[in-house]
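Visitor: I have a chain on my screen and some questions. Can you guide me through its strands?

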Amino acid sequence: MLGWRSGGTWVVGGGDHYNATSGTLWPGSEYRCSVRAQSSNATGAWSQPLTLTTARDLTPPPVPSKPVLSQSLGILQVWWDYSGAGGQNMPADFAGVEVSVQHPGIPPAKFANMIAPMQRTSLAGLEVRDYEVCMRSYDRGGNKSDWGPKATITLEA
């Protein structure tokens, strides 16, 4: 039998003679694990706990490809092909992209989010003028890519 905890609550899991399943473990988290024997006649004492820390992903997802822009009545439409700037697939822990909408020459900054699996967003309330739009991807571990290639558009009334 396997017992583990993260924080103050012990969780008991099952298994067979040689294997046990612990459930969902979160990256970069510390767990304390103990085991004990159990038969139809008796249950043994828990072993001394072993402390382990799960690995943390430090690799950001690829820089996203260049967004495709369109507009209708001053509403900016942003679409992307869900791939990296070099044609890479997004990794399994991919969580979404941050969208930057800035005046030309201004450094990128988060304006909106497209949470996975979104590929399109509509952004209203912008002034009628020129914009540069780019994106950066992020994963569930909090890693972020660099900002991707910029696309430009002039919003019209």
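Guide: Two strands pair if DSSP finds at least two bridges between them. Strands are DSSP runs of E, at least two residues, numbered from the N terminus. This is a predicted model, where local features need pLDDT of at least 70, side-chain atom pairs count only at pLDDT 80 or more, and totals for chains, interfaces and linings use all residues. Residues are numbered from 1 along each chain as its sequence is written, and side-chain values use heavy atoms, leaving out hydrogens and water.

Visitor: In which sense do β6 and β9 pair?

Guide: β6 covers residues 75–79. Its Gln77 stands opposite Ser122 in β9. Over 4 bridges, the sense is antiparallel.

Visitor: Which strands stand at the edges of the open sheet of 4 strands?

Guide: The order is β8-β7-β10-β11, with antiparallel pairing. An edge strand has a single partner, so one side is left without a neighbour in the sheet. Those strands are β8 and β11.

Visitor: What is the bridge partner of Glu98 in β8?

Guide: β7 runs antiparallel to β8, and 4 bridges join them. The partner of Glu98 is Asn113.

Visitor: Is Leu155 buried or exposed?

Guide: Leu155 lies in the segment after β11. Its relative accessibility is 2%, so Leu155 counts as buried.

Note on methods. Buried means under 20% relative accessible area, exposed over 50%, partly exposed in between (1.4 Å probe, protein chains only).
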